[in-house]
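Q: Could you walk me through this structure, one topic at a time, with the cut-offs as we go?

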Amino acid sequence: MYRIPHAMSVGQWIRQLIAKEDTARNFYRSREWRTLRAEVLRTAHYECADCLRKSPAVYSRADTVHHEHHVRTHPDDALSRTVIEGGKLIDNLVPLCFDCHEARHGRGKHRPHKAPLTPERY
């Protein structure tokens with residue numbers, strides 16, 4: 001497991017990773033990210049935020065935490081739960097299921113659709 005070097009900010013470390021390896025993969029292996037990711041998923045009760053917004057809402061298990069401010073383009077926000085965008089405070093870290101995460105990135109590699117955890121009962 002990787003650790004962010006004490007002498008660097010997270011943004012500096014990610015920029016260095018991208019410059020050396022053309023990827024931030026090791027950031028996602030860091031203790032700091034894994035701890036924060038687990039906390040975000042736990043706080044959201046492992047529910048996909050995008051599936052909950054559908055009409056009718058469905059409950060799908062979130063297994064991914066999406067960065068609204070992508071790590072490659074906004075490395076200083078990589079460990080920030082919230083960010084300011086357009087003068088508004090928004091969630092930077094969004095719990096998503098695999099399919100919704102793929103859709104957010106415009107990728108079509110969807111897993112076979114799983115039944116929702118429970119139907120909406122409101």
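**Contacts, cores and cysteines**

A: Setting aside neighbours within four places in sequence, Met-8 is in contact with Trp-13 and Gln-16, where contact means heavy atoms within 4.5 Å. This is a predicted model, in which local features need pLDDT of at least 70 and side-chain atom pairs count only at pLDDT 80 or more, while totals for chains, interfaces and linings use all residues. Residues are numbered from 1 along each chain as its sequence is written, and side-chain values use heavy atoms, with hydrogens and water left out.

Q: Where does Met-8 lie?
A: Met-8 lies in the segment before α1 (10-21); helices (H or I, at least four residues) and strands (E, at least two) are DSSP runs, numbered from the N terminus. At 27% relative accessibility, Met-8 counts as partly exposed, given that buried means under 20% relative accessible area, exposed over 50% and partly exposed in between (1.4 Å probe, protein chains only).

Q: Which residues touch the most other members of the largest nonpolar core?
A: Those are Ile-14 and Phe-27, in a core of 17 residues, where a nonpolar core is a set of buried Ala, Val, Leu, Ile, Met, Phe, Trp, Tyr and Cys residues joined through side-chain atoms within 4.5 Å. The elements giving two or more residues to this core are α1 and α3 (31-43), and the largest share, five residues, comes from α1.

Q: And what does Phe-27 contact, leaving aside neighbours within four places in sequence?
A: The contacts of Phe-27 include Val-10, Trp-13, Ile-14, Leu-17 and Trp-33, and also His-67, Val-71, Ala-78 and Leu-79. Phe-27 is buried, at 0% relative accessibility.

Q: How many aromatic pairs are there?
A: The count comes to three aromatic pairs, taking rings of Phe, Tyr and Trp (its six-membered ring) as paired if their centres lie within 6.5 Å, with planes under 30 degrees apart called stacked, over 60 edge-to-face and the rest tilted. Phe-27 and Tyr-28 form an edge-to-face pair, at 5.1 Å centre to centre and 70 degrees between the planes. The pair of Tyr-28 and Trp-33 is also edge-to-face, because the ring centres are 5.7 Å apart and the planes stand at 85 degrees. Ring pairs thus link Phe-27, Tyr-28 and Trp-33 into a cluster, in which Tyr-28 is partly exposed at 35% relative accessibility, whereas Trp-33 is buried at 3%.

Q: Switching to cysteines, how many disulfides does the structure hold?
A: The structure holds zero disulfides, a disulfide being a pair of cysteine sulfur atoms within 2.5 Å. Cys-51 is in no disulfide, and the nearest cysteine sulfur, that of Cys-100, is 3.7 Å away.

Q: Last topic, the strands: which residue is the bridge partner of Val-65 in β4?
A: The partner of Val-65 is Pro-95. β1 and β4 pair in the antiparallel sense over four bridges, where pairing requires that DSSP finds at least two bridges between two strands. From strand β4 (residues 93-96), Leu-93 and Pro-95 point one way and Val-94 and Leu-96 the other way, and all are buried.
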